[in-house]
Amino acid sequence: AAYGPDARRNTETFVAGINAYVGAVRADPKLMPPEFRLAGYEPAYWKADDVVRVRDHTIAFNVRLEVGRAQMVCKDGSTTQFLPVIAPSWKPIIPEGLDFCTIPPNVLEQYSLARAPVTFTEKGAALGAESPHDGIRLTEAQQSVIQGSNNWVIGPSKSATGRPILANDPHYFESVPSPFYIAHLSTPGLNIIGSGDPALPGILTGHNESIAIGMTIFWIAQEDLYVYETDPQNPNRYRYLGGWEPMRVEHEAVAVRGGPKRDVELKFTRHGPVVMEDPKLHRAYAVRATWLDTGGAFLMSGMRYQRAKNVEEVAAALKHWGDPGINHVVADTSGKIGWFPAGLAPNRPNTDGLLPLPGDGRYEWNGYLDRDLLPSEVNPSREYVATANNMNLPKDYPYKERPLSFFWIDDARFGRISEVLEGLPKVSIRDVEKLQNEYVTVPGRRLVRLLGTIATADPQLAELVQWLAGWDANADATSAQAALYEVWLSRHLVPGVFAKAASSLPAGLRVIAADLQTLHIVDLLEHPNERLGQNPEKARDELMLSTLAAAFAETKALLGPDRSTWQWGKLATALFEHQLSPRADAAQRAQMNVGPAPKSGDGNVVGMAEYDSRSFRTIGGASFRMVLDVGGWDNSRAVNNPGQSGDWTSPHYRDLFPLWLSGQYFPLLYSRAAIDQATTQRILLVPGAGK
């Protein structure tokens, strides 16, 4: 009921369709998809409740950052080390009576395993050993950036069409099949097209006959780690409001292939699941999270706005939004545009979500903030709204009364989006397509400019700086300067800054890496301070020049001594490996995997292509992109990498990969007449026909 009046019916019908196919393949082994044969697994029947019970794919990082910051406070007794990377400006609240040095660095090991992907190998499967990207380990910073997105909406007076234009390119881990699925649901009373999660009913980002909607992550701090004193005589009790409160203890039987079921004991406090116990110190640790609460299933709240007829009805539906925090940009056919962030936001009366909390009752959430207290914007005078996971709260937002979060993605993408839109008197569909696929790096532009102000007596370095100064800051796959810049940034400059900034905090290095993003590094280098040493400017100059020299040597080793032959795309590649490909033979792997191909971009550009710095392989970005002409729906455009089909023998498994690589789209047709004219294949499913 938390997800809308027709959520149960929709979900039960969705699951019934899945189960119809499961039944067919279980009855006829020849129909079994090859993935299940490779995994040695028979598909199970789904239940409607499963769709809302599974919570391991939410987007939240707050509790991990809390633990890392606790290590910093333990090291020097203050929060000064992480002040530069929280926004807005804030004096962190340090909870009383909690010794942060007693919190084990691995306190979230079980939490992480519970949310880890399965990685398949030739012999078996592992949980949490690696990411789903062929052994690539993602830092928490990379994970947070990847799970961002871009969206913007143009008002009719700034639009070349005279109608609103809405753009959205949600970012996620690049994979094959795509993490997104494009669908058009046309029923009596509902006609909606766009993209959704393959495991969820409905459309999340797209349009119906009257409204269009796009989404990016809005970083609400939706988790807290609670620390408890446990009873030495009974570790299943914890101190609360001066007394002892019992944990809830449950037992579950876990089926194990080839062996007997195993009994697992699960413990819960009033705040959430216990993730670690320390019997020697008589401590227990639990995670409280909005995404574990009623209404907190991942993106399920999207069903509420699918029948909305205007911006006002979307805003009303979003008052019930659960998890995760989302920036919604909206437009309707009357010409209105708007921005509505939404999500379950803890009301923390005497804390701020920056550090772990004592679980003794002094630091409770007072429910959730009323959705009406979140900011919003309708028809702004600038005639556009844009978000890119950046800190976008209004200057007059009352942070002291209701802090939301202090972790945001830096302004690299948002700044460039705004720069381009501000410079266009009228914005066309083609302008939006170009911007979604643009690779101008704002950090690169600033770093190269800064390099030009640093004197060097080394003639080779001086010539190299001059060569970089001629770069247009475009991280295009054909660019020679981009190749050097990306090697310098990812393999030399960023690690060098981390090492300097964390030299006195070895235990906190991991969290500095998670909190400190590229523009934070640029800010520090442009305005050096004590984090770089006693003589910050000298240390900055030496660091930038020495790391550039090392990057130049490495780039020559990678691409050869002749700079005229260098290209960023000779290092940066898009290669998407199916998770089950390690189980397949060579012929199957050739069908299952997509790529490699040269790839433009990096993690700081609008056309985001986050890469692993060890291999330069693309690991995250916008698989799905859409550009909607609001009201002129058949003019809308979309792409979904690498294709729509999950069947690697289908022609539609990888047919969109070339379009995606080159920044092209296909028509996202909506009207019946246009669809009928473009149809090449029709599949008719008749209920009961196979009986």
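Select Asp50 to begin: with a relative accessible area of 23%, Asp50 is partly exposed, where buried means under 20% relative accessible area, exposed over 50% and partly exposed in between, using a 1.4 Å probe and protein chains only. The model on screen is predicted, so local features need pLDDT of at least 70 and side-chain atom pairs count only at pLDDT 80 or more, while totals for chains, interfaces and linings use all residues. Residues are numbered from 1 along each chain as its sequence is written, and side-chain values use heavy atoms, with hydrogens and water left out.

Arg53 is exposed, its relative accessible area being 60%.

Asp629 counts as buried at 1% relative accessibility, whereas Arg163 is partly exposed at 29%. Then select Arg416, Glu419, Glu438 and Arg445, which salt bridges with shared partners join into one network.

Glu42 and Arg26 form the next stop, their side chains meeting in a salt bridge (3.1 Å, N to O). Because Glu42 lies in the loop between α2 (34–39) and α3 (48–53) and Arg26 in helix α1 (residues 7–27), the pair ties together parts 16 residues apart in sequence. Glu42 counts as partly exposed at 44% relative accessibility, as does Arg26 at 33%. A search of the whole structure finds 32 salt bridges.

Finally, select Phe61, Asn62, Trp219, Ile220 and Ala221, which lie nearest the centre of the largest cavity among its 15 lining residues. The lining divides into 11 nonpolar, 4 polar and no charged residues, where Ala, Val, Leu, Ile, Met, Phe, Trp, Tyr, Cys and Pro count as nonpolar, Asp, Glu, Lys and Arg as charged, and the others, Gly among them, as polar. A cavity is a set of points on a 1 Å grid over the protein atoms alone where a 1.4 Å probe fits but cannot get out, and lining residues have an atom within 4 Å of a point.

Technical notes
On a 1 Å grid over the protein atoms alone, a cavity is a set of points where a 1.4 Å probe fits but cannot get out, and a pocket is an open set with protein on both sides within 12 Å along at least five of seven lines; lining residues have an atom within 4 Å of a point. A salt bridge is a side-chain nitrogen of Lys or Arg within 4 Å of a carboxyl oxygen of Asp or Glu. Helices (H or I, at least four residues) and strands (E, at least two) are DSSP runs, numbered from the N terminus.
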